[in-house]
Amino acid sequence: MKILSIQSSVAYGYVGNSAAAFPLQRLGHEVWPVLTVHFSNHTGYGAWRGPLLAPGDVAEVIAGIADRGVLGSADAVLSGYQGDPAMGAVILDAVDKVKAANSDAVYCCDPVMGDAGRGLFVRPGIPEYMRDVVVPRADIITPNHFELDFLAGRRTNSLAELLEAVDVVRETGPRHVLVTSVLHRDVPTGSLEVVAVSDEGAWAVTTPLLPINPNGGGDVTAALYLAHLWTTGSPATALERTIASVFAVLEATLAAGTREIQLIAAQDAIAEPPTRFTARRLR
């Protein structure tokens with residue numbers, strides 16, 4: 001694949017493009033990283049340095065890629081955190097340009113807005129913008145359970161309710177939905193689930209719940225699911241491979257006792273996902 005990835009970047013650590021590009025490249029895909037910020041480190045540390053790029057500057061970078069005559073060869077656009085509607089407009093404009101030149105191209109959006117326990121952590125107005133403007137334009141979205149509930153306008157406490165919420169969101173536009181960090185009353189204690197839904201059906205993978213919640217895991221998950229879905233055409237296979245790789249990264253991170261995810265140490269599990277989790281069909 002050729003992937004236009006419009007995300008943040010950090011010099012130290014792994015979030016945004018700094019988390020997504022290497023796994024995609026390790027799988028053999030070509031990545032065109034367009035940076036929306038370039039910070040010293042992710043903001044979870046509470047202090048960071050570096051510039052927040054203006055939407056106009058980001059648009060200029062994308063225009064420069066278009067000048068090379070290659071924008072239409074992109075197979076996908078990938079985006080993560082969008083801190084400003086103006087930046088969102090730049091990303092959606094890029095999606096329009098890529099799709100105008102390549103009707104088979106897809107847009108994969110990780111609608112970063114919040115998570116369970118923390119609630120919404122983006123600026124006021126951003127969640128509504130993501131729900132009403134960005135998500136309906138996406139082909140693939142990868143919300144966590146908390147974000148899915150916001151997008152669907154309901155709280156889900158069972159697997160059946162979660163699938164109903166996914167259907168509500170899919171009716172707005174996205175064909176594929178991957179829901180991460182799923183915790184409902186039917187999930188066994190000490191476990192969590194990841195659920196994939198498409199026109200072909202719905203599947204779930206259950207994994208042990210590791211005592212770790214590092215930054216960047218969602219960025220890696222979105223990138224890998226996009227790649228595996230594109231190359232295999234199977235949501236179930238993409239789900240199995242993505243979660244096998246991400247779980248291996250988290251295990252390596254836990255073993256190392258580090259705050260930053262261990263992408264380099266676990267790179268073999270990214271390039272060759274182990275056969276570890278089996279997706280069970282839900283419908």
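Strands β9 and β10 (residues 201-208) pair in the antiparallel sense over 8 bridges, where pairing requires that DSSP finds at least two bridges between two strands. Strands are DSSP runs of E with at least two residues, helices are runs of H or I with at least four, and both are numbered from the N terminus. The model is predicted: local features need pLDDT of at least 70, side-chain atom pairs count only at pLDDT 80 or more, and totals for chains, interfaces and linings use all residues. Residues are numbered from 1 along each chain as its sequence is written, and side-chain values use heavy atoms, leaving out hydrogens and water.

A hairpin of 2 residues connects β9 to β10, and Val195 stands opposite Ala204 in β10. With strand β8 (residues 176-182), β9 also pairs in the antiparallel sense, over 4 bridges; here Val182 stands opposite Glu193 in β9.

In a regular strand the side chains alternate between the two faces of the sheet. From β9, Ser191, Glu193, Val195 and Val197 point one way, while Leu192, Val194, Ala196 and Ser198 point the other way. Of the 8 residues in β9 (residues 191-198), 8 are buried, that is, under 20% relative accessible area with a 1.4 Å probe and protein chains only; exposed means over 50%, and partly exposed lies in between.

Turning to the cysteines, the whole structure contains 0 disulfides, defined as pairs of cysteine sulfur atoms within 2.5 Å.
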